[in-house]
Amino acid sequence: MQATPRQGESLGAGLCKIRLASASRGGSKSGDIRVITCYVEQTAEGETIYLVTIYDK
């Protein structure tokens with residue numbers, strides 16, 4: 001995520017949805033885990049990425 005903080009599907013307002021495979025749930029898309037993040041622009045201290053939520057489908 002540090003290399004490409006805006007990866008995944010854009011949900012608007014800086015929010016992005018990323019789908020991660022879960023080995024324990026099989027390999028199908030419906031068994032994957034979703035992660036919603038919020039990217040805050042780079043500042044003098046560095047970049048900030050907030051974890052908003054994690055959920056399964």
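What follows is a short exchange on labels and cut-offs.

Modeller: Keep in mind that this is a predicted model.

Biologist: Why is isoleucine 54 called exposed?

Modeller: Its relative accessible area is 53%. Isoleucine 54 lies in strand S4, residues 46-56.

Biologist: What does isoleucine 54 touch, not counting residues up to four places away in sequence?

Modeller: Ile33, Arg34 and Val35. Isoleucine 54 and valine 35 are 19 residues apart in sequence, yet 4.5 Å apart in space, C-alpha to C-alpha.

Biologist: What makes S1 and S4 the edges of the sheet?

Modeller: The open sheet has four strands in the order S1-S2-S3-S4, with antiparallel pairing. S1 and S4 each have a single partner strand, so one side of each lacks a neighbour in the sheet. The twist averages 30° from one strand to the next.

Biologist: How do you know that S1 and strand S2 pair?

Modeller: Three bridges join them. Pairing takes at least two, so S1 and S2 qualify.

Biologist: Why is the contact between glutamate 9 and lysine 17 called a salt bridge?

Modeller: The N to O distance is 3.6 Å. The cut-off is within 4 Å, so the pair counts. Glutamate 9 also stands opposite lysine 17 in S2.

Biologist: Is aspartate 32 buried or exposed?

Modeller: Buried: its relative accessible area is 6%, and the label needs under 20%. Aspartate 32 meets arginine 19 in a salt bridge at 2.8 Å, N to O. That pair links distant parts of the chain, 13 residues apart.

Definitions and conventions. Residues are numbered from 1 along each chain as its sequence is written. This is a predicted model: local features need pLDDT of at least 70, side-chain atom pairs count only at pLDDT 80 or more; totals for chains, interfaces and linings use all residues. Side-chain values use heavy atoms; hydrogens and water are left out. Helices (H or I, at least four residues) and strands (E, at least two) are DSSP runs, numbered from the N terminus. Buried means under 20% relative accessible area, exposed over 50%, partly exposed in between (1.4 Å probe, protein chains only). Contact means heavy atoms within 4.5 Å. Axes are lines fitted to C-alpha atoms, for helices over the stretch in contact, and angles run from 0 to 180 degrees between N-to-C directions. A salt bridge is a side-chain nitrogen of Lys or Arg within 4 Å of a carboxyl oxygen of Asp or Glu.
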